[in-house]
Amino acid sequence: MMLSSKFLHRRLKLAIFLTLAALFIVPLQPAIQLSRVGEWPGYARGPVNTIIPNSGKAYVAAGSAGLLVFDLENPLRPNVAGNYKVQSHLSGVAMKGEIAFLTQHENILEIVDMTKADAPRVLSRYKTAGSPNSPVLSGDFALIGNSRVADSDLPGLEILDISDLQNPARVSLFPAVRGAGVLACRDRLAVVVGVKGSACTLIDWSDPEKPILLGEFVPDGSPSGAALYQNFVIVTANRIREHPNFPFGPGGVQIYDISNPSSPLRVGAYVRTSDARSLTIVGENAYVPINGAVEILSLRNPSDPSLFMRVSRALD
């Protein structure tokens, strides 16, 4: 039986009418009023860049959340002792006693008295030459690796006189083509890790006003961390190009002999398939955060670093 077009047209009009009625003939619900009664965990949070243990506290650079201070009296249940909000994104922190040196994006170094963690007191602000990474302190000097973000930035190693905490002053600026991403320092030897695959440089700053280039090397991959161990520079990288098992795999630790700083020589490597972001040297071991865990490497034989232990979860 064929239906007439007129009948189909009426059915279509009825369907449209019922649909619209269902949309508009809806009982109005009273507006729900929400009120804030509390929050958890009670402090700002952000991506962790640096952790500095100091006098029973942990100072944590947490990006846009600023500086978090944790009381470690009970290490299993650390309590928040204070929080300093920053103007921009906190990229790193270094401590000198209870004085915090905070580097931030937007070319900012702040020196803050954290004697009272719940009531921080700003001592001074300094405009860095470029976008600063985490600072390194040595005596009355602060070393800062700057990257280029804006066209006006001057990337490189910036050395500041911090003997007067209220008036930090630039002593020198050692230029770098792309910028200085990470610093490692021992005595008056500084290792400046370049950004985005650029060279790592060894700099003698015995005369802070006239730093001298000693040598340089280009790590495989994109370097992300560095440390000095005996006569070696240990670099973490996000990927390693040359390895028979992982030709394009990310992650790893590379070790360079700098006995002759003018000609650094790669002597060993520990390759992983996950990114290695940074490292800390304690005694003969390197602690390397890798993919949500911490791997502890033995450096007794720098030409063949070996895995000593892997910690993959927090304590219960």
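## Basis of the model

Two strands pair if DSSP finds at least two bridges between them. Strands (E, at least two residues) and helices (H or I, at least four) are DSSP runs, numbered from the N terminus. On those terms, Ala58 stands opposite Phe70 in strand 3.

This is a predicted model, in which local features need pLDDT of at least 70 and side-chain atom pairs count only at pLDDT 80 or more, while totals for chains, interfaces and linings use all residues. Residues are numbered from 1 along each chain as its sequence is written, and side-chain values use heavy atoms, with hydrogens and water left out.

## Overall picture

The protein has 25 strands and one helix. Of its 316 residues, 43% are buried. Buried means under 20% relative accessible area, exposed means over 50%, and partly exposed lies in between (1.4 Å probe, protein chains only). The protein exposes about 18000 Å², and carbon and sulfur atoms supply 55% of that area. Accessible areas come from the Shrake-Rupley method with a 1.4 Å probe; for residues, only the protein chains shown count as cover.

Contact means heavy atoms within 4.5 Å. Among contacts in the protein with a separation of 6 or more, 37% link residues 24 or more positions apart.

## Confidence

The pLDDT is the predictor's confidence in each residue, from 0 to 100. Its average over the protein is 82, and 77% of the residues score at least 70. Residues 245-249 fall below 50; beyond near neighbours in sequence, this stretch has 10 contacts in the model.

Strand 3 (residues 67-71) is largely enclosed by the rest of the structure, because four of its five residues are buried. Strand 2 (residues 57-61) pairs with strand 3 in the antiparallel sense, over five bridges. These two strands form a hairpin with five residues between them. Gly63, in the turn, has a positive phi of about 55°.

Strand 3 also joins strand 4 (residues 79-84) through five bridges, and the two run antiparallel. Here Val69 has Gly82 of strand 4 as its bridge partner.

Four strands form an open sheet in the order 18-19-20-21, with antiparallel pairing. Strand 18 (223-229) and strand 21 (265-271) stand at the edges; each has a single partner strand, so one side of each is left without a neighbour in the sheet. The twist averages 20° from one strand to the next. Axes are lines fitted to C-alpha atoms, for helices over the stretch in contact, and angles run from 0 to 180 degrees between N-to-C directions.

Inside this sheet, strand 19 (residues 232-237) and strand 20 (residues 252-257) run antiparallel, joined by six bridges. Ala237 stands opposite Gly252 in strand 20.

## Two buried polar residues

Gln254 lies in strand 20. Its relative accessibility is 0%, so Gln254 counts as buried. The side chain of Gln254 makes a polar contact of 2.9 Å with that of Tyr256 and another, of 3.3 Å, with that of Arg266. A polar contact is a pair of N or O atoms within 3.5 Å; within protein, one must be able to donate a hydrogen and the other to accept it, and residues adjacent in sequence count only if both atoms are side-chain atoms.

Glu110 is found in strand 7 (residues 108-113). Glu110 is buried too, with a relative accessible area of 0%. Its side chain makes a polar contact of 2.8 Å with the side chain of Gln104. Leaving aside neighbours within four places in sequence, the contacts of Glu110 include Tyr84, Val86, Phe101, Val122 and Arg125.
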